[in-house]
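Reader: Please show me the structure. I have some questions about how it is built.

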Amino acid sequence: MKAPTLPNLLDLSWARVFAVFLKELVQMRRDRPTFAIMIMMPIMQLVLFGFAINTDPRHLPAVVEMREDGPMTRAFLASLSASTFVDIVAIARTSEEGEAMLRSGEANFLISIPEGFERRLVRGERPQILIAADASDPVAAGGALSAIERVAQQAFAPEFEGSLSYLAQGQPPYEIVVHRRYNPAGVTAFNIVPALLGVILTMTMVMITSIALTRETERGTMENLLATPVRPLEVMIGKTTPYVGVGAIQVAIVLIVATLLFKIPFTGSFLAFLIAVTLFILANLMLGYLISTVARTQMQAMQMTFFIFLPSILLSGFMFPFAAMPVWARAIGEALPITHFLRIVREVVLKEAGLADIASDLWPLALILLVLGTLALMRFRRTLD
Amino acid sequence: MSETVIDVRGLTKSFGGRKVVDAFDLKVPRGAIYGFLGPNGSGKTTTIRMVCGLLKPESGEGEVLGFNVLSESLKIKERVGYMTQKFSLYEDLSIRENLEFIARLYGLDRRNERVDQALEDLGLAERQAQLAGKLSGGWKQRLALAACMIHEPELLLLDEPTAGVDPKARRDFWDAIRRYSAQGVTTLVSTHYMDEAVQCDSIAYIAYGKKLLDAPTAAIPQQIGLYGWRIAGRPLLESQQMLEASDGVDLVARFGAEIHACGKDATALERAVRAVKQAQPHVEIAPIEAGFEEIFIYLMSGALDNFQ
């Protein structure tokens, strides 16, 4: 037998594609538990992670180190307490005391108001309010820090009236200096729910198709399939197409839950979203299918799926800021479909992006799809060798 | 109709450095039922898989139905019905769904009609909605045969199609194969059953990957040249044990109340049998003609390996 050439691989009869498609559909329907998992998983994960991973945390403990005790400072602290973003759990007498609480995790923030703050404020010397944040959880830190700035503005505004009204002009007469401790990069704009769509789709789509061929080999049905005149491309399209439907159902579920339960606004172009999510689903199906041409047993296929799944979570920007990773890790991330999808979905859902805005991540997604599909097609074993 | 359907020469295949099939030649004329015999692990399945394009031979060449085994396997697959040793249809599809799937893959016209007909022919019409996995062994075989016949292949490759099937189902199965043969379908069938082997027109015997025998079934007893003696009367067990331990006795088989002892060396065999008579004066001994039954027990037991 000749080595498979590309034109040979693209040989195709739609009737046979349909035959494989129909067979997969029936088998999928008959395997009720798996089908139930595919439907339930997005809901479970959304509820679990959507609530557990809180992007807008409140009541974070803060310690205040006060060297000054004037009316303006007190107003600021009162507003801070009232804002519910932070709870002032202690007043530190020395800076060592405050640092210790930050290190031990008793407080997430150390707010230092220097000596002579109010005096220097009035003189227009722009004194600093120093905030040290425990950014080991970047999400928690980011949300609260931006809140503190807003609170400060609102707290000082009433004080800058009458003879002090000149302080209300231009930039604030004080400076808030933030030191992120333990994780200087810190993500601020982060929204877990749209990103979870990417994780859910990666998980189900790759896992399901990773056993597409392996299951046939393990059950012995591959021998029969290969004895028929069915072509590799027909098997590939026929086997993966039913799961495009499953993916679409998962997308719909996530969108509905995201809107109703988490009140996520969908700001961008829905068309752009549809194109991106379709490409993403196909790329994941091809990734799984490629695994199934390599794995010899279903167990191997599962292990390979997790081999893909972990970097998809850790190196894609889902969990850690992409820009802060070393070059090699970013290179791996760029090769994963989910990295591009995460950027797209965050832009489209939260930043009002349209098709033109996401083009820079759309073409890599299409390229990944093409490369994976071609590889899978070349890897398909036409014989039992 | 004297056209050659399978004509392969020098097929060779190794797995893990071991030659599983070694320089295998086979010529099967159209319409023949060709029996493929040999002990387990002798290379029968590998050979059949190479013939239908499921395995790529390391060396060798040949034509199946006039198409090149190495380069035209898709054309061969369209015209061949291959029944695997292990049930390889979908257990989670119904009988009908399996047949429809195969019919679609071959792009058959009048699909419903053909599937109905196949179900009718094999007596599966009433159970068509049943899941294939719920069928008993015999019914699975029938379904597998129906599936590999649905595209009306010119050549049937059956790999131990009746292993583990009850005698009634086996008889029905062979009736079906003979019907197809009468319609001009060629069959290559591997088997371990003597009663099936004798129904074949010709037999190829393979052991350790080498073909040791290839002849019309009727000519085989003569070709092997097996001599036989009948030993009757008590005590049978002692006689049998003695014979089994003797030189010149290649086969000892019980047939009801008598023993048939066979061997290729007539004098050595006679010496052994007479020694038994001497030890057990009450038994009766007489020379017999070794028939098909003895020959095939002899073949199945792998005795021909001694040829090497």
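Predicted model: local features only at pLDDT ≥ 70, side-chain atom pairs only at ≥ 80, totals over all residues.

Reader: Into which domains is chain B divided?
Author: Residues are numbered from 1 along each chain as its sequence is written, with chains lettered from A and ligands numbered from 1 in the order in which they are written. The bounds come from an automatic or database domain assignment. For chain B they give domain 1 (4–220) and domain 2 (227–290).

Reader: Which strands of the open sheet in chain B stand at the edges?
Author: The sheet has 4 strands, in the order S2-S1-S4-S5, with antiparallel pairing. Strands are DSSP runs of E, at least two residues, and helices runs of H or I, at least four, numbered from the N terminus. Strands pair if DSSP finds at least two bridges between them. Two strands of chain B each have a single partner, so one side of each is left without a neighbour in the sheet: S2 (18–29) and S5 (67–68).

Reader: What is the bridge partner of B:Arg9 in S4(B)?
Author: Strand S1 (residues 4–15) of chain B runs antiparallel to strand S4 (residues 59–64) of chain B, joined by 5 bridges. In S4(B), B:Arg9 has as its partner B:Glu61.

Reader: Which element gives the most to the side of chain B that touches chain A?
Author: Contact means C-beta atoms, placed from the backbone, within 7 Å. Chain B supplies 26 residues and chain A 24 residues. Helices H2 (73–79) and H3 (95–105) of chain B are the elements that give two or more residues to chain B's side. With 5 residues, the most comes from H3(B).

Definitions and conventions
Contact = placed C-beta atoms within 7 Å.
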